[in-house]
Amino acid sequence: MQVEARIEELGLKLPTPGTPMGNYVPGVRTGDLVFLSGVGPSQPDSRQWAGKVGRDYTVEEGYEAARGCALNLLGNLKSVIGDLDKVTRVVKVLGMVNADPEFTSPPAVINGCSDLLVEVFGERGRHARSAVGMATLPNAIPVEIEMIVEVED
């Protein structure tokens, strides 16, 4: 449980996975890969996120939302594989930012997720990534992120 100990050391807590908003599952394992469905941000204070980065939220607030997404992804990953120490590599992250049309910094927002993954997993957390702006996201959340992870038994 070294990864979970590291999460606690960072002063963070894994959220309990929520119920999907449709007919899908939080993650699917096939072979040594786990494909995690997109998630929005969570906050320990139960903050309700709704709005666009660049209009309603600053880059820094978007960064925090992306960190919340990373925690939700890790909570979902744990529910799929049971033990986060099984992660051998975070392979790919797709970060989507609900962005004002003039907002040009989605990568700076998605760094919140990327930075947390490296803080938790070290070099195993470095990953390929796409960070894109979107016209809208479900329930007007400012950030949604999905992830592909390599695991071992």
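Me: Leaving aside neighbours within four places in sequence, which residues are in contact with arginine 67?

Reply: Contact means heavy atoms within 4.5 Å. On that criterion, and with neighbours within four places in sequence left aside, arginine 67 touches Leu12, Gly112, Cys113, Leu116 and Glu119. This is a predicted model, in which local features need pLDDT of at least 70 and side-chain atom pairs count only at pLDDT 80 or more, while totals for chains, interfaces and linings use all residues. Residues are numbered from 1 along each chain as its sequence is written, and side-chain values use heavy atoms, with hydrogens and water left out.

Me: In which helix is arginine 67 found?

Reply: Helices (H or I, at least four residues) and strands (E, at least two) are DSSP runs, numbered from the N terminus. Arginine 67 belongs to helix α2, which covers residues 59–81.

Me: Does arginine 67 count as buried or exposed?

Reply: Buried means under 20% relative accessible area, exposed over 50%, and partly exposed in between, with a 1.4 Å probe and protein chains only. Arginine 67 counts as buried because its relative accessibility is 15%.

Me: Which side chain forms a polar contact with that of arginine 67?

Reply: A polar contact is a pair of N or O atoms within 3.5 Å; within protein, one must be able to donate a hydrogen and the other to accept it, and residues adjacent in sequence count only if both atoms are side-chain atoms. Here the partner is glutamate 119, whose side chain meets that of arginine 67 at 3.2 Å.

Me: How do α2 and α3 pack?

Reply: Two packed helices are described by the angle between their axes and by the distance between those axes. The axes are lines fitted to C-alpha atoms, for helices over the stretch in contact, and angles run from 0 to 180 degrees between N-to-C directions. For α2 and helix α3 (residues 106–121), the angle is about 45° and the axes lie 7 Å apart. Angles under 35 degrees count as roughly parallel, over 145 as roughly antiparallel, 65 to 115 as roughly perpendicular and the rest as oblique. The two helices α2 and α3 are therefore oblique to each other. The contact draws on Val59, Gly62, Tyr63, Ala66, Arg67, Ala70, Leu71 and Leu74 from α2, and on residues of α3 including Cys113, Leu116 and Glu119.

Me: What is the make-up of the contact of α2 with α3, in nonpolar, polar and charged residues?

Reply: Ala, Val, Leu, Ile, Met, Phe, Trp, Tyr, Cys and Pro count as nonpolar, Asp, Glu, Lys and Arg as charged, and the others, Gly among them, as polar. The contact of α2 with α3 comprises 14 nonpolar, three polar and three charged residues.

Me: Where is alanine 70 placed, and does alanine 70 count as buried or exposed?

Reply: Alanine 70 is in helix α2. Alanine 70 counts as buried because its relative accessibility is 0%. Apart from neighbours within four places in sequence, alanine 70 is in contact with Cys113 and Leu116.

Me: At what angle do the axes of α1 and α3 cross?

Reply: The axes of helix α1 (residues 2–9) and α3 cross at roughly 120° and come within 8 Å. That angle makes α1 oblique to α3. Val3, Arg6 and Ile7 of α1 meet Glu119, Val120 and Phe121 of α3. This contact divides into four nonpolar, no polar and two charged residues.

Me: Is isoleucine 141 buried or exposed?

Reply: Isoleucine 141, in the loop between β4 and β5, is buried, with a relative accessible area of 15%. Not counting residues up to four places away in sequence, isoleucine 141 touches Gly40, Pro41, Trp49, Gly51 and Asn98.

Me: Which backbone nitrogen does the side chain of tyrosine 57 reach?

Reply: The side chain of tyrosine 57 reaches the backbone nitrogen of alanine 50 at 3.1 Å. Tyrosine 57 sits in the loop between β2 (33–39) and α2, and counts as buried at 10% relative accessibility.
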